[in-house]
Amino acid sequence: MGNSVSRLTLRWTSALGTVLVALSSLAYAADQADLVGSPAALVIEPAAPTLLGPRSEQQLIVSGQYAGDVLRDLTAAAQYSVEDAAVAAVSAAGVVTPKGNGSTHVVVKVGGKEASATITVRDADKPAPVEFVNQVIAVLSKAGCSQGACHGSPSGKNGFRLSLRGYDPPLDLETLTHEVYGRRTNRLTPDDSLMLRKPSGKVPHEGGIRIAVNSLPYNILKQWIGEGLHGDPANTPVLERLEVLP
């Protein structure tokens with residue numbers, strides 16, 4: 001009898017949880033509908049982005065135009081589709097990634113309105129070596145590895161020190177490739193590199209999981225290791241400006 005009661009209790013609890021999740025989803029959908037309302041038109045920014053290389057990506061920002069020249073961010077509420085899947089793909093969050101060279105349109109629908117952005121993909125079939133400063137350093141900074149509370153502190157953490165927020169790339173390159181006899185990287189099997197195994201949680205890491213396996217940051221580090229841990233050539237692009245949209 002006791003076991004039967006336990007099973008019934010578990011089933012009832014499970015059913016109640018399902019109902020609560022469903023009600024929560026309905027409430028969220030209602031909130032989203034209230035937020036969207038009835039825009040007069042949609043604006044997509046950038047309206048005609050160009051993706052260069054196989055690892056490029058572009059976040060689309062969708063704004064609704066309302067009475068009184070009011071703009072409202074509808075990026076999270078919008079639905080996205082791509083006309084030619086051989087050229088590009090688009091995620092549920094509006095992030096566009098290349099699939100092949102050419103042009104296509106991403107169609108956006110929200111609040112009863114529809115708009116499209118023209119996507120051009122170039123050099124999707126060309127090799128794209130990882131850039132140390134613009135990509136490797138950026139990944140480590142974004143993951144928090146080089147922040148002051150972690151390996152970017154003056155004394156580092158557990159014998160591993162990076163420059164604070166990557167301000168000294170040559171030092172970081174030397175640290176990652178040669179310090180402690182190069183044991184942090186494995187060129188033959190990059191997935192076995194300590195600088196991937198620790199932040200991905202494959203081995204104990206005091207900082208916890210910082211980079212998910214097979215995510216874009218993980219694959220950038222993995223490719224850089226497999227390419228031979230190179231520095232940047234003299235013609236590496238340099239950041240010239242930032243744009244905020246809208």
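Rings of Phe, Tyr and Trp (its six-membered ring) pair if their centres lie within 6.5 Å, and planes under 30 degrees apart count as stacked, over 60 as edge-to-face and the rest as tilted. The model is predicted, so local features need pLDDT of at least 70 and side-chain atom pairs pLDDT 80 or more, while totals for chains, interfaces and linings use all residues. Residues are numbered from 1 along each chain as its sequence is written, and side-chain values use heavy atoms, with hydrogens and water left out.

**Exercise 1.** Find how many aromatic pairs the rule gives, and describe the geometry.

*Solution.* The count comes to one aromatic pair. F132 and W224 form this pair, with 5.3 Å from centre to centre and 35° between the planes, and it is tilted. F132 belongs to helix α2 (residues 132–142) and W224 to helix α5, 92 residues apart, and in this way the pair links distant parts of the chain (helices are DSSP runs of H or I, at least four residues, and strands are runs of E, at least two, numbered from the N terminus). Both F132 and W224 are buried, that is, under 20% relative accessible area, where exposed means over 50% and partly exposed in between (1.4 Å probe, protein chains only).

**Exercise 2.** Locate S200 and list its contacts.

*Solution.* S200 lies in the loop between α4 (194–197) and α5 (216–226), and S200 is buried, with a relative accessible area of 9%. Leaving aside residues up to four places away in sequence, S200 touches I209, I211, V213 and Y218, where contact means heavy atoms within 4.5 Å.
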